[in-house]
Amino acid sequence: MKTEKTILITGGAGFIGSHVVRRFVNKYPQYTIVNGDKLTYAGNLENLTDIESAPNYVFEKIDIVDKNAVTGLFIKYNFDGVIHLAAESHVDRSISAPDDFVFTNIIGTVNLLNASLHIWKENKEGKKFYHISTDEVFGSLGKEGKFTETTAYDPRSPYSASKASSDHLVRAYGHTFGIPVVVSNCSNNYGPNQFPEKLIPLAINNIKNNKPIPVYGKGENIRDWLYVGDHVEAIDLIFHMGKPGETYNIGGNNEWKNIDLIKLLCRIMDKKLGRPEGTSEKLITYVKDRPGHDLRYAIDSSKLQKELGWKPIPDFAAGLELTVDWYLSNTLWLERVISGEYEKYYENMYAGR
Ligand code: NAD
Ligand code: DAU
């Protein structure tokens with residue numbers, strides 16, 4: 001049955017992508033949602049078991065670097081819209097092995113743009129290519145100021161350079177070929193289903209297992225944390241109401257020094273695990289800094305708030321508690337994820353630190 005729209009969500013088996021897929025499948029039964037994902041180490045279909053048999057949901061295993069496969073997928077479904085999240089997303093991996101970041105984040109994005117251009121050549125009315133990007137493209141802030149939509153790009157890691165490159169290509173295809181493109185740049189997300197290589201789930205898992213919590217350098221780097229549900233809400237608004245050619249910054253207005261965040265998490269974990277206060281903090285271990293470690297990110301999201309009426313949840317401690325509860329009650333998910341490749345990766349990453 002032909003539905004109102006057929007939408008491709010790339011990277012839908014990953015952390016943020018799985019939350020986007022769930023929201024779109026449940027909220028828009030009039031759309032067909034195609035989740036296109038390669039299922040790398042970060043892609044996990046177990047994130048989506050609750051909606052996998054929904055009549056408006058389809059999974060397609062696809063590597064976006066494979067040009068022919070991407071073209072074939074677009075011809076098969078004749079998509080009306082694309083929400084592009086598939087990416088190599090972990091900064092530390094981009095430092096130890098940058099090549100996949102170039103292939104997936106740059107070449108993969110170009111393949112999606114070319115395929116969109118091909119099927120939308122005759123009629124671009126009502127179509128949209130929405131590219132999900134990161135605040136890391138803007139580089140690193142000092143003590144003052146925030147990134148706005150007009151901040152000059154200054155990527156400083158292979159990850160952020162590959163995302164910056166893909167942002168430029170998306171805008172160039174909009175400008176040159178008239179594809180209706182929208183880009184958003186978001187700050188650090190946290191919440192259920194995040195792969196435990198990223199700071200918050202890694203720390204939760206280590207605290208649970210009485211393992212050291214590795215804090216890079218002096219723990220003084222600052223990130224602007226946003227609950228994944230707030231990002232998904234913004235993605236929904238921008239996909240439906242964002243103006244073609246525009247960029248929207250998304251952030252939590254919620255800056256934390258890494259060490260302060262870890263200490264808050266330790267207090268929450270002590271409470272949840274029934275351990276005496278101060279137990280988890282003893283696990284904090286300062287390790288060698290990340291090469292080229294960006295000092296501070298902070299997002300000014302006033303454009304999104306004013307133009308599209310978006311607002312993040314204000315209570316970070318509540319969002320963190322929700323996240324801790326999820327990880328503590330989904331031990332099977334965590335155990336399955338922390339096996340095989342992740343364990344090997346983990347050993348390599350922290351060897352000698
Ligand atoms: P993630 O690593 O959890 O998931 C990435 C997904 O992409 C996985 O399902 C993986 O299998 C898939 N994928 C990777 N390479 C692929 C390929 N070649 N072909 C098809 N699929 C492939 O990432 P995430 O944290 O959910 O981030 C999603 C997007 O949001 C990324 O584009 C990232 O740059 C952006 N972003 C993330 C954050 C954050 O804090 N996590 C913040 C801002 C922006
Ligand atoms: O800002 C948005 C970006 O946030 C996204 O585009 C990326 O996909 C996402 O991975 C994230 O990048 P960060 O590098 O900021 O996230 P990460 O969780 O890796 O690290 C957060 C901070 O914690 C950073 O300053 C490095 C530090 N850190 C990280 C790890 C994994 C530690 O101190 N110890 C650790 O073990």
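## Cysteines

The number of disulfides comes to zero in this model, which is predicted. A disulfide is a covalent bond between the sulfur atoms of two cysteines, and the count rests on a cut-off, since a pair of cysteine sulfur atoms has to lie within 2.5 Å to qualify.

Which atoms of Asp37 approach ligand 1? An N or O atom in the side chain of Asp37 is 2.5 Å from an oxygen atom of the ligand, whereas in Gly14 a backbone N or O atom lies 3.0 Å from an oxygen atom of ligand 1. Ile62 also takes part through its backbone, where a polar atom is 3.5 Å from a nitrogen atom of ligand 1. On its own, ligand 1 exposes 830 Å², and the protein buries 97% of that.

## The surroundings of ligand 2

Ligand 2 is surrounded by 24 residues, and the closest of them are Ser89, Asp135, Tyr159, Arg290 and His293. The shell divides into ten nonpolar, eight polar and six charged residues. Helix H6 (199-208) and strand S8 each supply at least two residues of this shell, and S8 gives the most, with three residues.

Several polar atoms of the protein approach oxygen atoms of ligand 2. In Thr134 an N or O atom of the side chain is 2.7 Å from an oxygen atom of the ligand, and in Tyr216 a backbone N or O atom lies 2.8 Å from an oxygen atom of ligand 2. For His293, a polar side-chain atom lies 2.7 Å from an oxygen atom of ligand 2. Of the 690 Å² of accessible area that ligand 2 has on its own, the protein covers 95%.

## His293

Is His293 buried or exposed? His293 counts as buried, because its relative accessibility is 13% and the limit for that class is under 20%. Once neighbours within four places in sequence are left aside, His293 is in contact with Tyr216, Asn221, Arg223 and Asn258; Tyr216 is also the residue that brings a backbone N or O atom to 2.8 Å from an oxygen atom of ligand 2.

## Glu220

Glu220 is placed in the loop between strand S8 (213-216) and strand S9 (222-224). With a relative accessibility of 42%, Glu220 counts as partly exposed, whereas His293 counts as buried.

When residues up to four places away in sequence are not counted, Glu220 touches Lys257 and Leu295. Between Glu220 and Val183 there are 37 residues of separation in sequence, and their C-alpha atoms are 30 Å apart in space.

Methods. Residues are numbered from 1 along each chain as its sequence is written. Chains are lettered from A and ligands numbered from 1 in the order in which they are written. This is a predicted model: local features need pLDDT of at least 70, side-chain atom pairs count only at pLDDT 80 or more; totals for chains, interfaces and linings use all residues. Side-chain values use heavy atoms; hydrogens and water are left out. Helices (H or I, at least four residues) and strands (E, at least two) are DSSP runs, numbered from the N terminus. Buried means under 20% relative accessible area, exposed over 50%, partly exposed in between (1.4 Å probe, protein chains only). Contact means heavy atoms within 4.5 Å. A residue is near a molecule or strand if one of its heavy atoms lies within 4 Å of it. A polar contact is a pair of N or O atoms within 3.5 Å; within protein, one must be able to donate a hydrogen and the other to accept it, and residues adjacent in sequence count only if both atoms are side-chain atoms. Accessible areas come from the Shrake-Rupley method with a 1.4 Å probe; for residues, only the protein chains shown count as cover. Ala, Val, Leu, Ile, Met, Phe, Trp, Tyr, Cys and Pro count as nonpolar, Asp, Glu, Lys and Arg as charged, and the others, Gly among them, as polar.
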